[in-house]
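Student: I have a new model open on my screen and would like to walk through it with you. Could we take it step by step?

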Amino acid sequence: MNRLIKRYIPLMLLVCVALTCAMSAQAKTPKKKARTVYYIVCASYSSLDKAIKHSEQMSEVLFYPVYQATVNGKTVYRLCCECYYNQADAQKDLNGILSGFKGEDWWIWPSKGLAKCVYRPLSPADGEERIPELKPNVHAISD
């Protein structure tokens, strides 16, 4: 029994020290700052119902998910068609490839990290699945 204790106590102490060091190093590691994502907003509403209605009334070619944001303490719902990690790329596509679709009220929304998607319209492929959430483009579509 003494031999068992003599062998395993140092091992247990070593494990405890290793775990303590690992936890200490993890606590000192700064948390990553959320990367800004630039959404091209096609419309914005104070009501989720109105945003969904607009999303559903879009043509058979355009499908815009609805994202939630907070502005001056109030929740708003935004229809977005694309998003980017780079504001210049968002502006390039807004003025270029998307200019044929855009209305006067289209604009770029800088969001701290990915925004919360609260509605996705049905996919035209089968009418049963929802379109996916937007994923940030790493460069302009028109490149």
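This is a predicted model: local features need pLDDT of at least 70, side-chain atom pairs count only at pLDDT 80 or more; totals for chains, interfaces and linings use all residues.

Student: Which pattern of helices and strands does the protein chain follow along the sequence?

Tutor: Start with the count: the protein chain holds 3 helices and 5 strands. Read along the sequence, the order of these elements is α-β-α-β-β-α-β-β.

Student: What share of the residues in the protein chain is buried?

Tutor: A residue counts as buried when its relative accessible area is under 20%. The protein chain has 143 residues, and the buried part of them is 30%.

Student: Among contacts between residues at least 6 apart in sequence, what percentage joins residues at least 24 apart?

Tutor: Contact here means heavy atoms within 4.5 Å. Of the contacts in the protein chain between residues at least 6 apart, the percentage that joins residues at least 24 apart is 71%.

Student: Which residue in the turn between β2 and β3 has a positive phi?

Tutor: Strand β2 (residues 66-71) and strand β3 (residues 74-84) run antiparallel and are joined by 6 bridges. Val-71 stands opposite Lys-74 in β3. The two strands form a hairpin with 2 residues between them, and the turn residue with a positive phi, of about 50 degrees, is Asn-72.

Student: Which residue of β5 stands opposite Gln-68?

Tutor: Strand β2 also pairs with β5, in the antiparallel sense and over 3 bridges. In β5, the residue opposite Gln-68 is Lys-116.

Student: Why does Thr-36 count as buried?

Tutor: Thr-36 is found in strand β1 (residues 36-45). Leaving aside neighbours within four places in sequence, its contacts are Tyr-84, Tyr-85, Pro-110, Ser-111, Lys-112 and Gly-113. The cut-off for buried is under 20%. Thr-36 counts as buried because its relative accessibility is 18%.

Student: How far apart are the C-alpha atoms of Ser-55 and Tyr-119?

Tutor: Ser-55 lies in helix α2 (residues 48-56), and it counts as buried because its relative accessibility is 4%. Beyond its neighbours within four places in sequence, Ser-55 is in contact with Tyr-64, Val-66, Leu-79, Tyr-119 and Pro-121. Ser-55 and Tyr-119 are 64 residues apart along the chain, and their C-alpha atoms are separated by 8.9 Å.

Student: Is Leu-134 buried or exposed?

Tutor: Leu-134 sits in the segment after β5 (116-119). Setting aside neighbours within four places in sequence, Leu-134 has contacts with Tyr-39, Pro-65, Tyr-67, Cys-80, Cys-81, Glu-82 and Cys-83. The C-alpha atoms of Leu-134 and Leu-114, 20 residues apart along the chain, are separated by 9.1 Å. With a relative accessibility of 16%, Leu-134 counts as buried.

Student: How many residues in the lining of the largest pocket are nonpolar?

Tutor: The largest pocket has a volume of about 160 Å³. It is lined by 10 residues, and those nearest its centre are Leu-62, Tyr-64, Cys-81, Glu-82 and Leu-98. By class, the lining has 1 charged residue and no polar ones, and the number of nonpolar residues is 9.

Technical notes. Residues are numbered from 1 along each chain as its sequence is written. Side-chain values use heavy atoms; hydrogens and water are left out. Helices (H or I, at least four residues) and strands (E, at least two) are DSSP runs, numbered from the N terminus. Buried means under 20% relative accessible area, exposed over 50%, partly exposed in between (1.4 Å probe, protein chains only). Two strands pair if DSSP finds at least two bridges between them. On a 1 Å grid over the protein atoms alone, a cavity is a set of points where a 1.4 Å probe fits but cannot get out, and a pocket is an open set with protein on both sides within 12 Å along at least five of seven lines; lining residues have an atom within 4 Å of a point. Grid points are joined across faces, edges and corners, and a volume is the space filled by probe spheres set on the points. Ala, Val, Leu, Ile, Met, Phe, Trp, Tyr, Cys and Pro count as nonpolar, Asp, Glu, Lys and Arg as charged, and the others, Gly among them, as polar.
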